[in-house]
Amino acid sequence: MRVITWNVAGRRSRSEQQVSALGAFGPDIVALQEVRISTIDDLTVGLKKLGLQNVLNSFQLANDHSKLVGPRQYGEIIATRFPIEPLRPEKFRIPWPERVLSCRIKHAVGDVDFHTTHIPPGVTNKWIKIETFEGIFEKLALDTQANRILCGDFNSPDQEFSDGRVKVFGERLRKDGSIVPQDHRGQPPGRWSKGERSVITGLSEIGMPDVFRALHGYEVAEGSWFSQREGKLTVRRFDHIFASPQLNPTKAQYLHALRETKLSDHSPLLVDFSPS
């Protein structure tokens, strides 16, 4: 079972090329984030031509399309060759329900609850980012018996270190190397840090480890989002797949060539699973 997750950066003119590039890797499941309503039809047609006949998007499940403007204009797509059952987004208590798209995938070895998300960036959306993290963790903490995959663009963490330390954006790095939460006005101390960590490092405690780190450890430095501004390159590993270990991930690889050809500012993440 080959899964690819990719933030396609809302690029209207590149939909056909994006789908063609994905097709070269033979995915069984594709999850796309930062999709615009104007690209849904082209992406859906293209994905079906790849054999991913079952396609679901977050716009078709949204209750009020009038709210899908500004920072809420972006949605998600799940496309797969396996039968699916859509799951209602209201199951997650988050500010913008369209930011999580879920379905139950009917795989030969058993059902898999599959979720994809695009966490709103905190620099422009403030506490909506943390409320989204909190809502996702709250829901997944209740469903520990199911086979589960959560993937997407999490806009976190800020830094990862070879010794396994992780710094999220609600924290600061001391000179001695320790990482401590920062206080935020009007909110309980450490809430921002705890919110990001609930998913980024906390899912492993409820049976959904970060697949890339589970396979490669922290000695491997990686990134999935690259930004070049005023001569400074910023690299973050924002795109992740978390999954139940019984799904047996065997490979995790960022497809940097698709970003390097300007199809997006994110590199897709490919993960192979061998469930039994």
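The model is predicted, so local features need pLDDT of at least 70 and side-chain atom pairs count only at pLDDT 80 or more, while totals for chains, interfaces and linings use all residues. Residues are numbered from 1 along each chain as its sequence is written, and side-chain values use heavy atoms, with hydrogens and water left out.

**The central sheet**

Select β5, β6, β7, β8 and β15, which form an open sheet in that order with mixed pairing. Strands are DSSP runs of E with at least two residues, helices are runs of H or I with at least four, and both are numbered from the N terminus; two strands pair if DSSP finds at least two bridges between them. β5 (84-87) and β15 are at the edges with a single partner strand each, so one side of each lacks a neighbour in the sheet. Next, display β6 with β7: the two run antiparallel and are joined by eight bridges. Serine 102 is found opposite histidine 115 in β7.

**Helix α5 on the sheet**

Buried residues of α5 include Trp127, Ile130, Phe133 and Ile136, where buried means under 20% relative accessible area, exposed over 50% and partly exposed in between (1.4 Å probe, protein chains only). Their cover includes β6, β7, α4 (122-125), β8 and α6 (191-200).

**Aromatic pairs**

Select tryptophan 127 and tryptophan 192, which form an edge-to-face pair, 4.9 Å centre to centre with 70° between the planes. Rings of Phe, Tyr and Trp (its six-membered ring) pair if their centres lie within 6.5 Å; planes under 30 degrees apart count as stacked, over 60 as edge-to-face and the rest as tilted. Tryptophan 127 belongs to α5 and tryptophan 192 to α6, so the pair ties together parts 65 residues apart in sequence.

Move to tryptophan 225 and phenylalanine 238: ring centres 5.5 Å apart and planes at 20° make this pair stacked. Tryptophan 225 is in strand β13 (residues 225-229), and phenylalanine 238 in the loop between β14 (232-236) and β15.

**The nonpolar cores**

Colour Val3, Ile29, Phe114, Ile149, Ile241 and Phe273, the residues with the most contacts inside the largest nonpolar core, which has 25 residues. Such a core is a set of buried Ala, Val, Leu, Ile, Met, Phe, Trp, Tyr and Cys residues joined through side-chain atoms within 4.5 Å. Centre on isoleucine 29, whose contacts beyond four places in sequence include Val3, Ile78, Phe82, Ile105 and Phe114; contact means heavy atoms within 4.5 Å. A second, separate core of 23 residues includes Val19, Leu47, Leu52 and Ala62.

Finish with α2 (residues 37-49), where Thr39, Ile40, Leu43, Thr44, Gly46 and Leu47 are buried. These residues pack against α1 (15-23), β2, β3, α3 (58-61) and β4 (75-80). Following α2 is glycine 51, with a positive phi near 95°. Valine 55, in strand β3 (residues 54-57), counts as buried at 18% relative accessibility. Among the residues that valine 55 touches are Thr44, Lys48 and Ile77.
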